[in-house]
Amino acid sequence: MAEKDYYKILGVEKNATADEIKQAYRRLAKQYHPDVYSGRPEEERKRAEEKFKEINHAYEILSDPAKRENYDRFGSESGSQAGAGFSGFSSAFDFDDIISSIFSGFGGMGGSARSRRGNAPQRGQDILVGITLTFEEAAFGCEKTVSVKRVENCPYCHGTGAKSESSYKTCPTCGGTGQISQSQRTPFGHFSTVTTCSTCKGTGKVISEVCPKCGGKARREQVRDIKINIPAGIDTDQRINYSGEGHAGINGGENGNLIVQIKLKPHNLFTRRGSDLHITIPITMVDAALGCTISVPTMTKPTELDIPAGTQSGAQFKIKDKGLKVVNKNLYGDLIVKILVEVPKTLTREQKEMLKKLQASFETKQFAKLKEYKDNL
Ligand SMILES: [Zn+2]
Ligand SMILES: [Zn+2]
């Protein structure tokens with residue numbers, strides 16, 4: 001869903017104060033209120049209604065300091081996902097079963113049910129970071145450090161912003177009820193709506209003495225270096241989930257998760273498909289015709305492979321268990337060797353003579369494919 005520019009909707013600057021936002025909202029809400037449009041043509045009325053909803057939604061976000069901070073940081077109410085380039089990964093939810101069984105809590109992204117009530121505990125947002133590994137690092141596993149900028153609760157006040165548990169007083173806006181009653185006149189009659197008090201977010205209390213350490217801010221941004229263990233065999237687009245290492249929760253809600261998305265640098269010789277390693281090895285046309293033994297590199301030490309006489313270009317040989325480790329299992333993939341028969345591009349006069357002699361000595365039946373083709377002509 002495309003996010004709209006809430007500042008633009010309210011016609012205020014990005015650095016507008018809470019008062020300026022409130023004023024702009026009141027002015028626009030009055031202008032587009034359904035009452036004003038009653039009796040107008042339906043099309044006009046609907047447009048105004050849409051606009052009215054938009055204004056209200058924009059105000060809901062920008063009038064709430066936590067939501068506004070979030071929106072400013074991530075350009076989205078729903079947080080880190082958009083900001084961290086989450087939408088750029090098409091296979092975002094293509095979790096590998098094996099990985100998710102090792103690292104619990106993978107479902108964190110979708111599980112952040114947001115409460116409408118301001119004082120309800122809210123789970124912190126997840127942080128997605130990408131990390132690029134060499135082919136070898138992924139093959140054998142390694143330890144990495146990622147630098148993460150995250151919102152943490154002030155350790156002194158535990159994210160409340162208050163000096164102590166007794167640093168609260170009754171909310172002057174709602175008189176301690178936590179709710180505001182509003183009477184609204186609509187084309188269908190008078191309606192009384194009860195909304196949560198925005199000053200105290202429904203708690204009925206406001207802070208009288210702010211935390212001396214954070215000045216009442218309660219939360220602050222910190223850069224943390226977090227050690228992550230990369231398991232052997234991990235592959236591109238797989239994710240490692242670190243529970244509770246994301247942004248701090250609000251009102252005692254649990255922390256979000258840190259999700260590390262893996263990307264591998266290509267290898268000079270190998271490509272991988274799952275845990276299988278693939279390599280293409282060229283041999284001469286003579287070796288292909290006569291058969292030979294070749295040395296095949298692996299992720300550790302080279303191994304030997306017998307190539308039978310008469311091997312065709314494109315033939316594949318499987319070397320069992322010489323592929324990559326399967327994550328968290330004592331299992332290995334295979335090494336698949338694809339043979340490329342190479343024909344020399346230049347020949348000496350002598351070699352040409354020898355090949356012509358050789359050609360003359362061949363019988364049609366020695367070339368099964370060529371024979372089949374000719375028979376089909
Ligand atoms: Zn504090
Ligand atoms: Zn209140």
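Colleague: OK, a salt bridge is a side-chain nitrogen of Lys or Arg within 4 Å of a carboxyl oxygen of Asp or Glu. With that in mind, how many salt bridges does the structure hold?

Modeller: It holds 18 salt bridges. Keep in mind that this is a predicted model.

Colleague: Why would side chains like that pair up at all?

Modeller: Side chains of opposite charge can pair when their charged atoms come close.

Colleague: Let's take Arg150. Which residue does Arg150 form a salt bridge with?

Modeller: Its partner is Glu245, and the closest N and O atoms are 2.8 Å apart. Arg150 sits in strand β2 while Glu245 is in the loop between β8 and β9 (258–264), so this pair ties together parts that are 95 residues apart in sequence. There's also a network here: salt bridges with shared partners join Arg150, Glu152, Arg224 and Glu245.

Colleague: Is Arg150 buried or exposed?

Modeller: Arg150 counts as buried, because its relative accessibility is 11% and the cut-off for buried is under 20%. Glu245 is partly exposed, at 27%.

Colleague: Now Lys51 and Glu54. Where do Lys51 and Glu54 lie?

Modeller: Both are in helix α4, 3 residues apart, which is about one turn of the helix. Lys51 is partly exposed at 26% relative accessible area, and Glu54 is partly exposed at 23%.

Colleague: What about Lys14, which residue does its side chain meet?

Modeller: Asp5, in a salt bridge of 3.9 Å, N to O. Lys14 counts as exposed at 53% relative accessibility, whereas Asp5 is partly exposed at 28%.

Colleague: Which residues are the protein donors of the zinc ion (ligand 1)?

Modeller: Those are Cys154, Cys157, Cys211 and Cys214, through their SG atoms, lying 2.3 Å from the zinc ion (ligand 1). The spacing there is C-x2-C-x53-C-x2-C. Cys157 is in the loop between β2 (142–153) and β3 (168–170), and Cys211 is in the loop between β6 (205–207) and β7 (219–230), so the pair ties together parts that are 54 residues apart in sequence. Both Cys157 and Cys211 are buried, and the site of the zinc ion (ligand 1) is tetrahedral, with angles of 100 to 116°.

Colleague: What's going on with phi at His158?

Modeller: Phi of His158 is near 55°, a positive value in a residue other than glycine. Most residues other than glycine have a negative phi. His158 lies in the loop between β2 and β3 and counts as exposed, at 62% relative accessibility. Asp237 has a positive phi as well, near 75°, and is found in the loop between β7 and β8 (239–242).

Colleague: Last topic, aromatics. How many aromatic pairs does a search of the whole structure find?

Modeller: The search finds 2. In one of them, the ring centres of Tyr25 and Tyr59 are 3.9 Å apart and the planes are at 5°, so the pair is stacked. Tyr25 is in helix α2 (residues 18–32) and Tyr59 in helix α4 (residues 42–62), so the pair ties together parts 34 residues apart in sequence. Both Tyr25 and Tyr59 are buried. Phe362 and Phe367 form an edge-to-face pair, 4.8 Å centre to centre with 85° between the planes.

Colleague: What else does Phe367 take part in forming?

Modeller: A nonpolar patch on the surface, together with Leu370, Tyr373 and Leu377, with about 450 Å² of accessible area together. Phe367 is partly exposed at 34% relative accessible area. Leu370 is partly exposed too, at 42%, and lies in helix α11 (residues 368–376).

Methods:
Residues are numbered from 1 along each chain as its sequence is written. Chains are lettered from A and ligands numbered from 1 in the order in which they are written. This is a predicted model: local features need pLDDT of at least 70, side-chain atom pairs count only at pLDDT 80 or more; totals for chains, interfaces and linings use all residues. Side-chain values use heavy atoms; hydrogens and water are left out. Patches are made of residues with over 30% relative accessible area and no salt bridge: like charges are joined within 9 Å, nonpolar side chains (Val, Leu, Ile, Met, Phe, Trp, Tyr) within 5 Å. Accessible areas come from the Shrake-Rupley method with a 1.4 Å probe; for residues, only the protein chains shown count as cover. Helices (H or I, at least four residues) and strands (E, at least two) are DSSP runs, numbered from the N terminus. Buried means under 20% relative accessible area, exposed over 50%, partly exposed in between (1.4 Å probe, protein chains only). Donors are N, O and S atoms within 2.8 Å of the metal (3.2 Å for Na, K and Ca); water is not among the atoms, so sites may look incomplete. Four donors count as tetrahedral if all angles lie between 85 and 135 degrees; four count as square planar and six as octahedral if opposite donors are over 155 degrees apart and all others between 65 and 115; anything else is irregular. Rings of Phe, Tyr and Trp (its six-membered ring) pair if their centres lie within 6.5 Å; planes under 30 degrees apart count as stacked, over 60 as edge-to-face and the rest as tilted.
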